[in-house]
Amino acid sequence: MRRLFLYPIMAKLNDITTFEDIKLLVDTFYSKVQKDEFIGTIFNEKIVNRWPEHLEKMYRFWQTILLEVHSYSGSPFPPHKQLPVGKEHFERWMEIFTETTDSLFIGPLAEEAKLRAKNMAEMFNYKIDYFRNLEKNQTNNS
């Protein structure tokens, strides 16, 4: 009698090297974000039916950061300034980003993407807290 051993087929992961890789990362990540019970609602209520435009902007943003193709211009923080989010939301965002990146890629640019995402999440959280406290202090001093 012949025995068959079934092993899961493991795809060899590569680093992020092309615009198609950026699209795969962004599309996979935001697909998970949209369905996430904790942060999905915040994104879906803010972006509504403008997901294609948002994704295009994110492709250009990550292409500029990781592939040094300067296709993004703008300031990423202002659209996030008034979002009803706290540290726990950024932690969940980072968790999804890390899981997504690790499931698709391995290499120096994949690590760079996770580091840049972590730094951005921390900076956005700090700035949102700063502006919230500034507004609260201005209201209390009026």
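Which residues in α1 are buried?

## The overall picture

What you're looking at is a predicted model. The protein chain has five helices and zero strands, so the pattern read along the sequence is simply α-α-α-α-α.

Of the 142 residues in the protein chain, 36% are buried. The chain exposes about 9,700 Å², with carbon and sulfur atoms supplying 56% of that area. As for contacts in the chain between residues at least 6 apart in sequence, 77% of them join residues at least 24 apart.

## Helix α1 and its buried side

Back to the opening question: the buried residues in α1 are D21, I22, L25, V26, F29, Y30 and V33. They sit on the same side of α1, because they cover an arc of only 145° around the axis. Their packing partners are α2 (40–47), α3 and α4. Turn to the face pointing away from that buried side and you'll find the exposed residues E20 and K35.

The helix itself runs over residues 19–35, which makes 17 residues. From its first C-alpha to its last, α1 reaches 24 Å, close to the 24 Å expected at 1.5 Å a residue.

## R92 in α4

R92 has its place in helix α4. Is R92 buried, partly exposed or exposed? With a relative accessibility of 22%, R92 counts as partly exposed, because buried would take a value under 20%.

Leaving out residues up to four places away in sequence, R92 touches D36, F38 and I39. One of these, I39, lies 53 residues from R92 along the chain, yet their C-alpha atoms are separated by 7.4 Å. The side chain of R92 also makes polar contacts: one of 2.6 Å with the side chain of D36, and another of 2.4 Å with the side chain of E95.

## H80 and the annotated site

UniProt, in an unreviewed entry, places a "binding site" feature at H80. Where is H80 found? H80 is in the loop between α3 (51–67) and α4 (87–104).

Setting aside neighbours within four places in sequence, H80 is in contact with F124 and I128.

Notes: Residues numbered from 1 in each chain as written. Predicted model: local features only at pLDDT ≥ 70, side-chain atom pairs only at ≥ 80, totals over all residues. Heavy atoms only, no water. UniProt positions renumbered as here; feature names shortened; annotations may be inferred. Helix = DSSP H or I, 4+ residues; strand = E, 2+ residues; numbered from the N terminus. Contact = heavy atoms within 4.5 Å. Buried < 20%, exposed > 50% of the residue type's maximum accessible area, 1.4 Å probe, protein only. Areas by Shrake-Rupley, 256 points an atom, 1.4 Å probe, with all protein chains shown as cover. Expected span 1.5 Å × (residues − 1). Arc of directions from axis to C-beta. Polar contact = N/O pair within 3.5 Å; in protein donor to acceptor, adjacent residues only side chain to side chain.
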